[in-house]
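Have the model open beside the sequence as you read.

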Amino acid sequence: MFKSEKLERLTLISPRVFAGAWAVLLPSIAWTGWGTVSPLAGLGLFLAGLVVWTLFEYAMHRYLFHWETDVPMLKGFVFLMHGNHHEAPNDPLRSIMPLSASVPIAAAVWGLFVLLLGTPGTWLFLGFIVGYVMYDVVHYAAHQWPMQGRLSQAIKRHHMRHHYVDEGGNYSISAIFWDRVFGSRIQSLKR
């Protein structure tokens with residue numbers, strides 16, 4: 001994607017680096033929020049964060065990642081964010097968001113949640129970011145693993161239809177019911 005080797009490396013990530021980074025970051029976030037609210041309130045905020053993530057994931061994929069524009073700079077930005085994934089959907093180093101993008105975005109979201117809720121915003125953020133990590137694992141699995149079991153196969157089938165039948169539908173990955181709710185579920189297997 002880039003002529004510069006250094007820039008190119010910022011767009012790639014291996015599953016091991018992803019797992020290692022989030023294995024450190026997630027407990028650190030939980031530790032930061034520990035004691036700021038009661039356990040029940042923390043659980044409620046955590047679960048709310050998971051729900052917020054699923055809606056955020058859907059909206060980002062539908063409206064930002066598939067944004068159609070004639071402005072060359074914006075077109076390039078959309079391609080860099082997501083279009084390259086559609087060019088090479090099974091590239092194992094591009095099926096997960098690189099840390100160079102996910103960590104700064106996560107920090108901004110965390111800051112926003114703390115700004116809105118004070119220190120309890122950390123628990124909302126923890127649910128949100130656990131949702132994100134689960135999404136990236138599920139997305140990687142949909143492209144790289146056979147995925148056995150009814151739910152796993154349904155998720156994979158749902159996402160593969162987005163790639164190979166109609167990019168204008170099936171935007172959800174970790175919460176595929178949102179496509180039904182918002183009317184973007186692919187109904188037919190015909191292009």
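Predicted model: local features only at pLDDT ≥ 70, side-chain atom pairs only at ≥ 80, totals over all residues.

The expected span of a helix is 1.5 Å times one less than its number of residues. Helix α3 covers residues 39-64. It has 26 residues. From its first C-alpha to its last it reaches 35 Å, close to the 38 Å expected.

Which residues of α3 are buried? They are G42, G49, W53, T54, E57, Y58 and H61. An α-helix has 3.6 residues a turn, so residues three or four places apart point the same way. Look for that spacing as you go down the list.

Take T54 as one example. Its relative accessibility is 14%. Buried means under 20%, so T54 counts as buried. Leaving aside residues up to four places away in sequence, T54 touches S174, A175 and W178.

Now turn to the aromatic rings. A pair of aromatic rings is described by the distance of the centres and the angle of the planes. The model holds 16 aromatic pairs, counted with ring centres within 6.5 Å. One of them is F18 with Y132, an edge-to-face pair. Its centres are 6.5 Å apart, with 65° between the planes. F18 lies in helix α2 (residues 15-33) and Y132 in helix α6, so this pair ties together parts that are 114 residues apart in sequence. Both F18 and Y132 are buried.

Y132 also pairs with W22. This pair is edge-to-face too, at 5.8 Å centre to centre and 65° between the planes. W22 lies in helix α2 and Y132 in helix α6, so the pair ties together parts that are 110 residues apart in sequence. W22 is buried, as is Y132. These rings belong to one aromatic cluster, made up of F18, W22, W53, F56, F113, F128, Y132 and Y135. W53 is also on the list of buried α3 residues.

Last, look at where α4 meets α7. Two packed helices are described by the angle between their axes and the distance between the axes. Here the angle is about 90°, and the axes are 10 Å apart. That makes α4 roughly perpendicular to α7. Which residues meet at this crossing? From α4 come H82, H85 and H86; from α7 come H159, H162 and H163. The residues of this contact divide into six polar, no nonpolar and no charged.

Technical notes:
Residues numbered from 1 in each chain as written. Heavy atoms only, no water. Helix = DSSP H or I, 4+ residues; strand = E, 2+ residues; numbered from the N terminus. Buried < 20%, exposed > 50% of the residue type's maximum accessible area, 1.4 Å probe, protein only. Contact = heavy atoms within 4.5 Å. Phe/Tyr/Trp six-rings, centres within 6.5 Å; stacked < 30°, edge-to-face > 60°. Axes fitted to C-alpha atoms, helices over the stretch in contact; angles between N-to-C directions. Parallel < 35°, antiparallel > 145°, perpendicular 65-115°, else oblique. Nonpolar A, V, L, I, M, F, W, Y, C, P; charged D, E, K, R; others polar.
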